[in-house]
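Good morning. Please have a look at the model on the screen, and then I will go through a few parts of it.

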Amino acid sequence: EIRGCSSMSKTKSGGYMLTFEDVNDIAVRISELWSRYNSERRNALTLNEEARKFTYATDIDATSAADLPHKNRTHQPKLTQIADTLKSQYFEASLSMPDFFKFPPPRSVTNNIATGMEKWIRLKLEQRKFRETTGRQLINDYVDYGNCFVTVDYNIERDNRGNIRYKGPVWKRVSPMNIVFNPREDFKKSLKIEKRLFHISDIKEFDLSFPNAGFKQNIINKAIKSRNPEGLDDWVEVVKNRGINMDGYGGFDQYFKQDMAEVLIYRGDVFNPTTGETQRNRVVYVMDKVHVIRNEPSIAPSGFDGIHHAGWRIRPDNTWAQGPLDNIVGMQYRIDHLENLKADIFDIIAQPVIFVKGDDVMEPTEGYRPGAVYYGGIDSEVRTIVPDTTALNADNQIANYHRIMEDMAGAPPESRGIRTPGEKTAFEVSKLNENATMMFVDKARIFERMLETMLKETFELMLINFDVEEY
């Protein structure tokens, strides 16, 4: 439940009136929900943190393989190659062409009108360069995290003279690090809280930038004024007294003295226990964890679709999905171990350990090198201690791990140039290709379902904000 506002005592300082009423209980409750679900989100994302480290590592010292006692510290980036292949293949399958979607005409709508609708949205997508910006970001999250999120809003952008530069839908990638929800419910039904940082000047123009969104300009002005230095210290005390915490900003003083403000965007139901009123499917913007600057019904076409999610491998009873790299990170660890073990042994073979017996051995004047000659007495002896060369066969094991990792990640085999041996008919070839790519196609389809719901909401928002300029 999210409680309504309550009236409390007032404090005065520096000529500016501060009041506990400025701390909205709805905002406090949303902040508490963020903290509660944030710990569960951390647990889910920690599971694939190791995979992300291996993907972007340059040597094993930046990964969990740093504990390996090898002299060589080479990282063989197989996980990186698989991640890049999947990202390229998913982009090619879903977003490579401007006409990556189609609007079949519904009943009583002609083909010309349906084509016009399709071109209208495609124009907006190309104006925002969606495929090469937000689209690629979403695919990167889909592979790296196993989860990707995108929001849709209707936005008006103006230049310095106030002239409209762009008007239409905007799509924002939401980092998995900046969103929480109840992972035990279906994502569409669950409450969702997104965290964003905005510059104060952008927040001040929310009502102009987001038409028909219902931003409360008086509350925005009050929130910005509360950051005034003359009343800031007492305002911080008011916030502290409500038991509100600020994460990752170095405390209240450092947070309030910067030009950026945190906004929590809540999507879900609001229940007021005082009146017994339930408000369904709301969008609530909370600034600085204390000010509600927007509380409006969602205009999403269905459910809580103001934000859209795709998960690569859904876990049972947990909406946080598993990524394609998570299950194979152990084999990447093994590859690095074998690669550095082989390199260490090869170094010893190339420059072997020297065993010297006797005290009268004269070391070569030119030093230890190929062809160097030692001279000694009758009882002296010089020989090398060379390890077993069968350890150099680690290349075969490494190659085997490469193949297994690619198969388990679901990368299309034809993209890797793999062909099964033997003569085949055209039907057999077609069937083998179909079966080999089935997993990849299914995972690409999950991503495309998210794009489909996003496009439906995009069109609905464009209809709601339709005006003569769009006409």
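Predicted model: local features only at pLDDT ≥ 70, side-chain atom pairs only at ≥ 80, totals over all residues.

Let me begin with empty space. Rolling a probe the size of a water molecule over the atoms shows where empty space is left. The largest pocket holds about 710 Å³ of space. Its lining has 30 residues, and those closest to the centre are Asn-155, Lys-172, Phe-198, Asp-202 and Phe-210. Which element gives the most to this lining? That is strand 3, with seven residues. Strand 4, strand 6, helix 6 and helix 7 are also among the elements that give two or more residues to the lining of this pocket. Sorted by class, the lining of the largest pocket has 13 charged, nine nonpolar and eight polar residues.

Next, the cavities. There are two of 30 Å³ or more. The largest cavity has about 240 Å³ of space, and 21 residues line it. Val-152, Asp-153, Arg-294, Ile-299 and Leu-461 are the closest to its centre.

Among the residues that line it are Ala-44, Asn-48, Tyr-145, Arg-315 and Trp-320. Helix 1 and strand 12 are the elements that give two or more residues to this lining. Five residues of the lining of the second largest cavity are nonpolar, two are polar and two are charged.

Now back to helix 14, this time with a partner. Helix 3, residues 78-94, packs against helix 14, residues 438-464, at an angle of about 65°, and the axes are 10 Å apart. The crossing is right-handed. From helix 3, the contact uses Gln-89, Tyr-90, Ala-93 and Ser-94, and from helix 14 it uses Phe-440, Lys-443, Ala-444, Phe-447 and Glu-448. Of these residues, five are nonpolar, two polar and two charged.

Last, salt bridges. Side chains of opposite charge can pair when their charged atoms come close. The whole structure has 24 salt bridges. In one of them, the side chains of Lys-87 and Asp-144 meet at 3.2 Å, N to O. Lys-87 is in helix 3 and Asp-144 is in helix 5, so this pair ties together parts that are 57 residues apart in sequence.

Technical notes:
Residues numbered from 1 in each chain as written. Heavy atoms only, no water. Axes fitted to C-alpha atoms, helices over the stretch in contact; angles between N-to-C directions. Helix = DSSP H or I, 4+ residues; strand = E, 2+ residues; numbered from the N terminus. Left-handed = near helix turned anticlockwise from the far one by under 90°. Contact = heavy atoms within 4.5 Å. Nonpolar A, V, L, I, M, F, W, Y, C, P; charged D, E, K, R; others polar. 1 Å grid on protein atoms, 1.4 Å probe; cavity = no way out; pocket = protein on both sides within 12 Å on 5 of 7 lines; lining within 4 Å. Points joined across faces, edges and corners; volume = space filled by probe spheres on them. Salt bridge = Lys/Arg side-chain N within 4 Å of Asp/Glu carboxyl O.
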